[in-house]
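Thanks, everyone, for making time this morning. I would like to walk you through one structure, slowly, and I will define the terms as they come up.

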Amino acid sequence: MLRVEYSDGLYLPELDLWLDADAPRERCVISHGHSDHIAEHRSIIATPETARIFRHRRGEAQMETLRYGERRDYGRFALTFFPAGHCLGSAQVLVEADNERLVYTGDIKLRPNVAAENAVIVPCDTLVMESTFGDPIYRFPPDVATFARLYAAIDRAFSDDRVPVVLAYALGKGQEALEILLRRDYRVTLHGSVWNVSEIYRELGVEFSGAYEKYNREHLRGRVLIAPPGCRKQAMITNIERRYVIMLTGWAMHKSAPYMYKGVDLVLPLSDHADFDELVHLARASQAERIITMHGAPKFAATLRELGLNAEHLAHFPESGNAKTTKKRGTKRASTTVERTLFS
Ligand SMILES: [Zn+2]
């Protein structure tokens with residue numbers, strides 16, 4: 001079976017193949033455009049949507065694009081992408097080599113995505129899966145119930161003469177939030193970074209359920225503002241005297257969530273990741289003989305073993321390595337982990 005390693009990215013040494021490396025590589029497969037999955041590579045392989053988003057966020061690179069379901073032979077291996085339901089263009093990567101089918105999920109959500117392709121489950125021999133919410137406390141309520149709570153909170157804010165501010169990533173959750181709000185006919189105004197990505201979504205063929213505006217501080221009354229979570233302590237938001245700030249994140253299920261996000265009035269469990277039950281379903285339905293978990297707590301692999309599956313957690317760092325490299329990697333990973341922890 002193929003060796004699978006993690007060292008500033010997922011690496012298959014026998015194929016000399018990098019996936020989602022977070023340091024520049026000669027050539028790298030990119031599962032999706034979130035900042036913790038991309039770097040300034042010389043050459044990338046991605047879906048056309050992810051390539052477009054990569055160009056927006058990282059500039060030019062040599063780009064090779066594969067549409068979903070299109071299989072391409074690279075000699076020692078073949079690659080095929082399948083939808084991951086996480087954001088527009090997000091892909092699971094099927095690597096076929098030596099009669100083995102290895103699937104790397106990237107970040108994945110099995111629940112329907114209102115602004116992107118819905119995920120599929122790809123049968124394989126080896127499943128390398130994210131496990132961000134691999135703990136039973138992260139069982140999300142049905143999305144429609146969360147939408148209803150979001151609408152009720154916004155209606156309440158309007159009736160109190162406040163400006164509702166919804167915090168969501170610029171890529172992915174921002175467009176999901178936009179679509180959810182437009183379906184209820186709210187007037188929506190977008191922070192520039194959310195606006196830019198939403199325009200790229202439209203350029204790539206996504207049809208939102210209504211028009212939206214770009215942020216203008218003179219025109220906030222009667223509108224819902226969508227902004228990235230990092231903005232919540234910035235003047236753009238803190239200067240809104242009568243604001244009501246809503247954070248959308250899977251971490252809302254944690255009992256300390258109401259105290260984790262300073263300056264936020266309400267935390268709702270709307271995530272672009274699979275919850276615990278979806279992860280278990282994915283592991284089983286893949287029919288994989290070998291499951292490798294990453295980007296989450298190691299105990300999820302133990303949970304899968306208790307369910308009779310052959311699962312191991314992939315450590316982020318090799319034990320070896322000189323102190324300087326380890327420190328550098330540790331520092332980088334720590335900040336990425338914080339980002340994932342706060343905003344997934
Ligand atoms: Zn992501």
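This is a predicted model: local features need pLDDT of at least 70, side-chain atom pairs count only at pLDDT 80 or more; totals for chains, interfaces and linings use all residues.

Residues are numbered from 1 along each chain as its sequence is written, and side-chain values use heavy atoms, with hydrogens and water left out.

Let me start with the metal. The zinc ion is coordinated by His32 through NE2, His34 through ND1, His86 through NE2 and Asp107 through OD, at 2.2 to 2.3 Å, where donors are N, O and S atoms within 2.8 Å of the metal (3.2 Å for Na, K and Ca), and where water is not among the atoms, so sites may look incomplete. Along the sequence, these donor residues follow the spacing H-x1-H-x51-H-x20-D. Histidine 86 sits in the loop between strand S8 (78-83) and strand S9 (91-97), and aspartate 107 in the loop between strand S10 (100-104) and strand S11 (126-130), so this pair ties together parts that are 21 residues apart in sequence. Helices (H or I, at least four residues) and strands (E, at least two) are DSSP runs, numbered from the N terminus. Both histidine 86 and aspartate 107 are buried, meaning under 20% relative accessible area, with exposed being over 50% and partly exposed in between (1.4 Å probe, protein chains only).

What about disulfides, that is, pairs of cysteine sulfur atoms within 2.5 Å? A search of the whole structure finds zero. The sulfur of cysteine 87 is 15 Å from the closest cysteine sulfur, in cysteine 28, which is too far for a bond. Cysteine 231 is in no disulfide either, the nearest cysteine sulfur, that of cysteine 87, being 19 Å away.

Turning to the helices, the axes of H7 (residues 276-285) and H8 (residues 299-306) come within 11 Å and cross at roughly 55 degrees; axes are lines fitted to C-alpha atoms, for helices over the stretch in contact, and angles run from 0 to 180 degrees between N-to-C directions.

Finally, two residues deserve a look at their backbone. Aspartate 161, in the loop between helix H2 (143-159) and strand S12 (163-167), has a positive phi near 60 degrees without being a glycine. Histidine 295, in the loop between strand S18 (290-294) and H8, is not a glycine either, and its phi is positive at about 60 degrees.

Key
A disulfide is a pair of cysteine sulfur atoms within 2.5 Å.
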